[in-house]
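Subject: Structure handover

Hi,

Here is the structure I promised to pass on, with my notes below it. Have a look at it first and then read on.

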Amino acid sequence: MTRFWLGGYGAPMDGTAEGIGLLAGDEGAPTALSYRGAVTRTPSPSWLAQHPALDVVYAALEGDAVVQAFVRTGESTLRPLGEPVEAGDSVCHVAVSPRGDFVVASCYGDGRVVRIGVDADGRLIPDAANKAAELRAALLGEPLETSAPAGVAAAASDPYTGSRTASGDERTSHAHAAAFLRDGRIATTDLGFDLVRIWRPGPAGLALDHEVVLPQGTGPRHMVVHPSGHLHVVTEYSCEVFTLAAGRDGTWAVVSSVLSSPIAEIGTDSPAELARSRDGQFLYTALRGSNTIAALRVRGAGEGLEPFALADSGVDWPRHHLVHEGKLLVAGQRSETIALLDLDERTGAPLGIRHQAPAPTPTHFLLVR
């Protein structure tokens, strides 16, 4: 039976979700997914992530500024594992390291990028080294040793927080997502400062390696690591997908960019998620506003993209989507529905809406492993 954990917004964030929910299909109709209720009573678990080896799920509790671990206790049940751990204002994304020894939380409200340790049982543990570094930086006023984009000064903070202040403009740091790169480093997006930051994990936490500056006003949001090693980044404000690659010296840079759709309406459309097919031949982004799914074909060795199709998402305000068994599952935050779209096996193009069902303010799908 196909099942997904479902993240969503609760009442404090103008939603109706009561916690992490369960979305499931019947044996005879696996694509006819329906909402089966909340499996936890958890406030606004807007993003979920799976431990690579344990039956443990991590949730960004966006309204509470914390990350919480949950352990699977039955076929379709979860219970809290340990206490919630502080992350930052409006924590909206959490990613688990490939070894499962820490998670990285991205905080939209204050721009913080926070490493949280994970013990052998999957419990979250505050990282004492990071906290010590944060206190030391606050007391000593240690600056970030990095070059800042024009009009932005480095903040007097430790590298692990990722916080920065703007000088000469009104931009504010908004960390939005993290992705683990093949060489062990970590990429994070800052939607407010138009940056992709590259971090090195170490004994003292996350150390800033360097930054890739995107054009001002693009708003980098979410990322996909391609099998080739390229990093694709979708931008919320300019409706583009930028492709980044690492040079021989390990420094990342933009190698190409393309509009997600030739008819995307900048200023009206607002891309949310970026997902890829399993083989890496196709990428899909959702345009909130026109409520469409844009399909892009990957060219060369992953360094180029070409938009080739646009389709109705089947929902209002497509907040998240993923590719599963040749279909596209889409979460409609405002319509409070989910939709399942068929994908052409040969061309990758969305073919049409196969199924729709109600779900309380859905924001994220996670396949039940």
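**Aromatic pairs**

Going by ring centres within 6.5 Å, the count comes to 3 aromatic pairs. Bear in mind that this is a predicted model.

Take Phe 102 and Phe 180 to begin with. Their ring centres are 5.8 Å apart and the planes meet at 55°, so this pair is tilted. Phe 102 belongs to strand 10 (residues 102-107) and Phe 180 to strand 15, so the contact ties together parts that are 78 residues apart in sequence. Both Phe 102 and Phe 180 are buried.

Another of the pairs is Phe 282 with Phe 308. Here the centres are 5.8 Å apart and the planes are at 50°, so this pair is tilted as well. Phe 282 sits in strand 24 and Phe 308 in strand 26 (residues 304-312), so parts that are 26 residues apart in sequence are tied together. Phe 308 is partly exposed, with a relative accessible area of 24%.

**Charges over rings**

Phe 102 turns up again here: the charged end of Arg 115 sits over its ring, 5.6 Å from the centre. There is also Arg 334, which lies over the face of Trp 317 at 3.7 Å from the ring centre.

**Pockets**

The largest pocket holds about 1,500 Å³. Its lining is made up of 46 residues, and those nearest the centre are Val 224, Ala 275, Arg 276, Leu 322 and Val 323. By class, the lining divides into 26 nonpolar, 12 polar and 8 charged residues.

Which strands supply at least two residues of that lining? They are strand 4 (45-50), strand 9 (91-96), strand 15 (175-180), strand 19 (220-225), strand 23 (270-276), strand 24 (282-288), strand 27 (318-324) and strand 31 (362-367). Strand 27 gives the largest share, with 5 residues.

Lining it are Tyr 9, Glu 62, Cys 92, Tyr 108, His 176, Arg 221, Glu 236, Arg 288, Trp 317, Arg 319 and Gln 333. That lining has 4 nonpolar, 2 polar and 5 charged residues. Trp 317, part of this lining, is also the ring with Arg 334 over its face.

Which residues have a positive phi although they are not glycines? Glu 325 is one of them, with a phi of about 50°. Glu 325 lies in the loop between strand 27 and strand 28 (327-332), and at 66% relative accessibility it counts as exposed. Strand 27, on one side of that loop, is the strand with the largest share of the lining of the largest pocket.

Glu 336 is another, with a positive phi of about 55°. It is found in the loop between strand 28 and strand 29 (337-343). Glu 336 is partly exposed, its relative accessible area being 26%.

Cheers

Terms used
Residues numbered from 1 in each chain as written. Predicted model: local features only at pLDDT ≥ 70, side-chain atom pairs only at ≥ 80, totals over all residues. Heavy atoms only, no water. 1 Å grid on protein atoms, 1.4 Å probe; cavity = no way out; pocket = protein on both sides within 12 Å on 5 of 7 lines; lining within 4 Å. Points joined across faces, edges and corners; volume = space filled by probe spheres on them. Helix = DSSP H or I, 4+ residues; strand = E, 2+ residues; numbered from the N terminus. Nonpolar A, V, L, I, M, F, W, Y, C, P; charged D, E, K, R; others polar. Phe/Tyr/Trp six-rings, centres within 6.5 Å; stacked < 30°, edge-to-face > 60°. Buried < 20%, exposed > 50% of the residue type's maximum accessible area, 1.4 Å probe, protein only. Lys NZ or Arg CZ within 6 Å of the ring centre and 35° of its normal.
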